[in-house]
Amino acid sequence: MAFPKKRRYDRTEQDDEYFQCYSDITVHEEMLSDTVRTHAYRVAIARNHNALLGKTVLDVGAGTGILSIFCAKAGASKVYAVEASAVSQLACAVVKENKLEGQVEVINSTVENAEIPGQVDAIISEWMGYGLMYESMLSSVLYARDRWLKPGGLLFPSCSSMFIAPINDTTVESRLDFWSEVKDMYGVDMTCVQSFARKCIMGKDMAVCSVYAEHVLSHPVKFSTLDLSSATLEDIRNITGSFQFCCFGSSLMHGFAIWFSVTFPGEDGITLSTSPYGEETHWKQTILYLDEEVQVEQDTKVKGDISMSPSENNPRHLCVTINYSIGGGICRTKIFQMGN
């Protein structure tokens, strides 16, 4: 019996869906409400004002235009704010409201189709997605870098790093325990539902939620670093790394958390981090659950490797494969999806 192939979206349809999402004001409200994110860009730009004074800047995925305005206020003579979604109309209004029409030019286009008159001295973009690469605009930033950035030009941010750590998730514990408590609540035994609940909660979809420092079971490991001045499309399509942890103490391990940081150019090296040890951002952390929880003890070894790549069905979505062993046990593999 022949089965129909999975539907594969064409790139135009994927782009339309992606840019339509960014026409929703809620998305921009969430990003601007993230003061950790927005202040990091503001401070990084301000501290590079000598490098931006009288220079030209390209803002890739400008949204409502706030980063372009930061650059103009830092002294850039011209900022090309490229935004493909309908929110570009709002960016025009914001630029006018701030009396910066002479410095900031809003271009309603994808960066791949934009017409920029000549090379630029700096490129700025808030391109990072959940788990760094989900719905990321990094490929567009690299395209803009190769086409328009002058040799030695600045990239904001200039590099990114990714981290992983094993975690205990008390929320999962309480949700699983709930099914054994139903009998006390209503006189009906539903303990048998617990295994089904575990499959639903600890499935193959990545979860975006907050992880608290006390739930991290070992020192985190940096498993990947990207230098945006030299990174290639192949580099960002296949991010790989390895890890080895030594657990702090006795606990249930439910999975792994991954997060990222980005660093901006300049002597101060301003860093925007989405670590569970810092202030919360709208990216939170991304959770990769095991098939079932595992008891770990003081000094239990957890090791393995991780790879991140675009989803087969949509390059803006994310697929993560993790191979791991706990306490010297059998090496297991689990594949996670985000967006499919």
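A: Helix α3 (residues 35-47) and helix α5 (residues 66-73) have axes that come within 9 Å and cross at roughly 25°. This is a predicted model, where local features need pLDDT of at least 70, side-chain atom pairs count only at pLDDT 80 or more, and totals for chains, interfaces and linings use all residues. Residues are numbered from 1 along each chain as its sequence is written, and side-chain values use heavy atoms, with hydrogens and water left out.

Q: What do I make of the angle between α3 and α5?

A: Axes are lines fitted to C-alpha atoms, for helices over the stretch in contact, and angles run from 0 to 180 degrees between N-to-C directions. Angles under 35 degrees count as roughly parallel and those over 145 as roughly antiparallel. So α3 and α5 are roughly parallel to each other. The crossing of α3 past α5 is right-handed, meaning that the near helix is turned clockwise from the far one by less than a right angle.

Q: Which residues of α3 and α5 meet?

A: Contact means heavy atoms within 4.5 Å. From α3 you have T38, Y41, R42 and I45, which meet I66, L67, F70 and C71 of α5. That contact splits into 6 nonpolar, 1 polar and 1 charged residues. For the classes, Ala, Val, Leu, Ile, Met, Phe, Trp, Tyr, Cys and Pro are nonpolar, Asp, Glu, Lys and Arg are charged, and the others, Gly among them, are polar.

Q: Are α8 and α9 roughly parallel or antiparallel?

A: Helix α8 (residues 170-186) and helix α9 (residues 194-201) pack at about 155°, their axes 9 Å apart, and therefore they are roughly antiparallel. V172, R175, L176, D177, W179 and S180 of α8 make the contact with Q194, A197, R198 and I201 of α9. By class, that gives 5 nonpolar, 2 polar and 3 charged residues.

Q: How many cavities of 30 Å³ or more are there?

A: A cavity is a set of points on a 1 Å grid over the protein atoms alone where a 1.4 Å probe fits but cannot get out. The count here is 1 cavity of 30 Å³ or more, and the largest cavity holds about 30 Å³.

Q: What lines the largest cavity?

A: Lining residues have an atom within 4 Å of a point. Among them are W259, F260 and K284. β10 (251-263) gives the largest share, 3 residues. The lining has 5 nonpolar, 4 polar and 1 charged residues.

Definitions and conventions
1 Å grid on protein atoms, 1.4 Å probe; cavity = no way out; pocket = protein on both sides within 12 Å on 5 of 7 lines; lining within 4 Å. Points joined across faces, edges and corners; volume = space filled by probe spheres on them. Helix = DSSP H or I, 4+ residues; strand = E, 2+ residues; numbered from the N terminus. Parallel < 35°, antiparallel > 145°, perpendicular 65-115°, else oblique.
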